[in-house]
Each structure stands twice: as structure tokens, then as C-alpha cells.
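I opened this notebook to keep a record of what I looked up in one structure. The entries follow the order in which I went through it.

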Amino acid sequence: GGCAQRVDGVEVETQAEGRVFESSNTGENILAWIGEGSSDWKDYRYEVTLQSTDKDSIGAVFYYQDADNHYRVTFNAGTNTRELVRVSDGVETVLASDHGGSHWTRDAKLEIAIKDGEIRVFLDDNSVFGTVTDADPLSGGSVGFYSGSQKSSQFDDVFVGKLDLQAHAGRDLEVLDDNSDGKVTVHLDASDSYGPNDIVSWKWF
């Protein structure tokens, strides 16, 4: 991976930062976090910034135990596909798929939320598959990065935390008062919001 480096005598205003680069341009590559207790992680929110410079697959893994047991979400610009896959005892099952583009050479925010077999995936705050329910869910595990035949996959800004309340109404939009009456109507849909408990109603402020 790449990282910033402090130089003696040079002042820096913020903590040195870096990002992980995967540049093998070969096969399927997974870099997973293996730490004390990570194999027991469950019911969490996982965020990571992705950047692809190739037309092949990039994404993330979660509930990762090993190469034969995990979830994987990928974005492939060459085939214009997005997939959510469960790998259990080496057997792959596609839980959701969609046709949609993915960005090149710019950062994209990936957010994954999982609880009791319900999986939600967001790319740049847009829901990718809606709520996906796995009828035979994995029990838990760590998180990681996925890079498939990429010349340069980049990963940054990793966050893993408890599944707290998150409001989702789609990506940020700029609105236009096209008739100069000082009013703009905006429609918000909170159906992709989630939290530790079921959401029965919502109100925007």
C-alpha cells in the first residue's frame, strides 16, 4: 500500500494519511483485516472509498472468515454489472445483481450495512440493490477489499462501526427555482434508511 511519510523539519497540519493500492492486474485478490475478535464481528456498517483505474472488478468483502466463506460486492465497468455474492464453503451464490455503470479515476463511497441476514449496499449514497434478504446468512466476520484483474485498485477511508440509525434519501442534489417564485418542491424518500430497529415512520427537518 501507499502512505504519506513525515519528513524531519517539515511541519504538517494533519496526521499523515495513505491509501491501499492493488496493482497486480491478475485474478481475484482479497485483502482482509484479521485482528483479535474480528471473526466474530456482526451486525455492522462498513464504509470504504474505492477508486478504479481499469474496466475490471473492484469492491469489498464483509463477514469474511476465509476465501471460502464471506460476502462480496463488486462493480465491473467492463460488463456494466454490479453483484452481491455469498460464498459459503466455497460455493458462490449470487444474491443480487444489477446493470449499472461505475466510475473510473475518481473516488466513490461504498457503504454496506448488514443485520440478521438483511444486506444494504450504497454507492455514493444511492441504494444499489435495495434491501437484500439472505435466507441462509453467514454468521459474521471481518471486512476487506476486493480487486479483480485491476491495473490499479485504490482503497481509503475505512470505517467499521455499530449499526446505528442512518437516514438515506439518495445522493445530494442541487435544486433550481426555475420560475423565480422563491419556492422549490423536493421529494424525499426515506425507505432506504436503516438502523438497529425497524423504522416505522420518519419526518424530515
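**Before starting.** I note that this is a predicted model, in which local features need pLDDT of at least 70 and side-chain atom pairs count only at pLDDT 80 or more, while totals for chains, interfaces and linings use all residues. Residues are numbered from 1 along each chain as its sequence is written, and side-chain values use heavy atoms, with hydrogens and water left out.

**The chain.** I looked up the secondary structure and found 0 helices and 13 strands, where helices (H or I, at least four residues) and strands (E, at least two) are DSSP runs numbered from the N terminus. The C-alpha trace spans about 55 × 55 × 35 Å along its principal axes. Of the 205 residues in the chain, 37% are buried, and I keep the cut-offs here: buried is under 20% relative accessible area, exposed is over 50%, and partly exposed is in between (1.4 Å probe, protein chains only).

**The cavity.** I searched the whole structure and found 1 cavity of 30 Å³ or more. On a 1 Å grid over the protein atoms alone, a cavity is a set of points where a 1.4 Å probe fits but cannot get out, whereas a pocket is an open set with protein on both sides within 12 Å along at least five of seven lines; lining residues have an atom within 4 Å of a point. Grid points are joined across faces, edges and corners, and a volume is the space filled by probe spheres set on the points. The largest cavity has a volume of about 80 Å³, and its lining includes Phe75, His103 and Arg106. Strand E4 (residues 44–52) gives the largest share of that lining, 3 residues.

**The pockets.** The largest pocket has a volume of about 280 Å³ and is lined by 17 residues, of which Glu118, Arg120, Gly195, Asn197 and Asp198 lie nearest its centre. Strands E9 (108–115) and E10 (118–123) each supply at least two residues of this lining, and E9 gives the most, with 3 residues. I sorted the lining of the largest pocket into 8 nonpolar, 4 polar and 5 charged residues, counting Ala, Val, Leu, Ile, Met, Phe, Trp, Tyr, Cys and Pro as nonpolar, Asp, Glu, Lys and Arg as charged, and the others, Gly among them, as polar. The second largest pocket holds about 180 Å³ of space, and among the residues that line it are Arg171, Asp172, Val175, Val186 and Leu188.

**Single residues.** I then turned to Asp172, which lies in the segment after E13 and is exposed, with a relative accessible area of 71%. Asp172 and Asn126 are 46 residues apart in sequence and 9.6 Å apart in space, C-alpha to C-alpha. Lys162 has its place in strand E13 and counts as exposed because its relative accessibility is 68%. From Lys162 to Thr74 I noted 88 residues in sequence and 23 Å in space, C-alpha to C-alpha. Trp202 lies in the segment after strand E13 (153–162) and is partly exposed, with a relative accessible area of 46%.
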